[in-house]
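User: I am new to this structure and would like to learn how its features are read. Could we take them one at a time?

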Amino acid sequence: MDRVGELIHRLAPAHRYALVTDSNVQSLYAGKVESQFEKGTLEVLTIPPGESNKTRETWSRLTDQLLAKGFGRDSAVIALGGGVVGDLAGFVAATFMRGIPIVQVPTTLVSMVDAAIGGKTAVDTPAGKNLVGAFHSPATVLIDPHLLATLPLRELRAGFAEVVKYGVIADGAYLREVADSVPKLLSAPRDLMGDSMVSLIVRSVEIKADVVSRDEREEGLRKILNFGHTIGHAVELVSGFSLLHGEAVAIGMALESRLAERIGLAKTGTAGTVTATLQAAGLPIALPPGFEPDAVIEAMRSDKKGRLGKTRFALPLRIGAMAGADSGWTVSVGDDQLREVLA
């Protein structure tokens, strides 16, 4: 963060910059970024925090502000915040003047290891998450783990769900490291997390960047990154976004790994390992009380991963390996099989 202005000028040169952030992050870090730019070259645009504000209406308001302030094609957008800010600001950049550069400066763990990496941008609709969006790769992603010092514990814990995901889909040894490190990191003073946290972030970024570099537009291999997200996104929607993204994805991974075993796909014990690792991070592993399985299934109907009226899942074969290499990296599952797991 002490060099963010220098890095942005070098890696994403532009005539003017629009810094998009939310009101929580704005009070903590926007001033530090703004002080590193010449007067008149950076405008701060602030939105309310939370997934409920990742909408077409907010996108419209931001693009209208850019137009009113005279931004042009020689401009760039800086996303300073978590996944909501990154997705929304990225979609603004993807569509403004048919596309201008975006710089991602993630401030939450989930955005550092996942949302800021890979170029997916989108807004939500009443029908579901991320249904209107574009692929728009960032000019650069600048990660400073020191920013996690101000992250609420619940948000930090939720971010570890995506870290667990990378171990399950690609690296069993890494998952064991996660299971061992996360409880210690959650109990440590935030400013003393140090090298262990950096190690987890770096390996997560390596895994995602490797997958994305081989399938940028999610035509095949990149679909393995959706492990936990088919059920997770539906749970998040049914909760009215009262669950954090990572909490919903944790539930999704626990249930989808059980689904993989139930249909005879995953090695016995896979679901137990996934569940135990999530529990070590203090993450939920089951639908909250009052959630009806049919409501979750209905919420999946509009999901981007549905094909020909059936729900397709990214499912593990075992820890560190995913199924579906011969079927586009997804597996079709019927509602009856799904309902058994959800119940």
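User: Is N130 buried or exposed?

Analyst: The model is a predicted one. A residue is called buried when its relative accessible area is under 20%. N130 has a relative accessible area of 17%, so it counts as buried. This residue is found in strand β6, which covers residues 128-135.

User: What is the phi of N130?

Analyst: For N130 the angle is near 55°, a positive value in a residue other than glycine. E218 also has a positive phi and is not glycine; its angle is near 60°. While N130 belongs to strand β6, E218 lies in the loop between α8 (194-214) and α9 (229-238).

User: Which strand holds K129, and what is its relative accessible area?

Analyst: K129 lies in strand β6. Its relative accessible area is 7%, and with the limit for burial at under 20%, K129 is therefore buried.

User: Which side chain does the side chain of K129 join in a polar contact?

Analyst: The partner is E51: a polar contact of 3.5 Å joins the two side chains.

User: Let us turn to a helix. Which residues of α1 are buried?

Analyst: Helix α1 spans residues 4-11, and V4, G5, L7 and I8 are buried there. The next step is to look down the helix axis and see where these residues point. In α1 the buried residues fall within an arc of 165°, so they line one face of the helix.

User: How many cavities of 30 Å³ or more does the structure hold?

Analyst: There are three cavities of that volume.

User: Which residues line the second largest cavity?

Analyst: The lining consists of G86, I102, Q104, A115, A116, I117, G119, K120, T121, H136 and P138. At least two residues of this lining come from β4 (102-106), and at least two from β5 (120-125).

User: How many residues of each class does that lining have?

Analyst: By class, the lining of the second largest cavity has five nonpolar residues, five polar residues and one charged residue.

Key:
Residues are numbered from 1 along each chain as its sequence is written. This is a predicted model: local features need pLDDT of at least 70, side-chain atom pairs count only at pLDDT 80 or more; totals for chains, interfaces and linings use all residues. Side-chain values use heavy atoms; hydrogens and water are left out. On a 1 Å grid over the protein atoms alone, a cavity is a set of points where a 1.4 Å probe fits but cannot get out, and a pocket is an open set with protein on both sides within 12 Å along at least five of seven lines; lining residues have an atom within 4 Å of a point. Grid points are joined across faces, edges and corners, and a volume is the space filled by probe spheres set on the points. Helices (H or I, at least four residues) and strands (E, at least two) are DSSP runs, numbered from the N terminus. Ala, Val, Leu, Ile, Met, Phe, Trp, Tyr, Cys and Pro count as nonpolar, Asp, Glu, Lys and Arg as charged, and the others, Gly among them, as polar. Buried means under 20% relative accessible area, exposed over 50%, partly exposed in between (1.4 Å probe, protein chains only). A polar contact is a pair of N or O atoms within 3.5 Å; within protein, one must be able to donate a hydrogen and the other to accept it, and residues adjacent in sequence count only if both atoms are side-chain atoms. The arc is that of the directions from the helix axis to the C-beta atoms.
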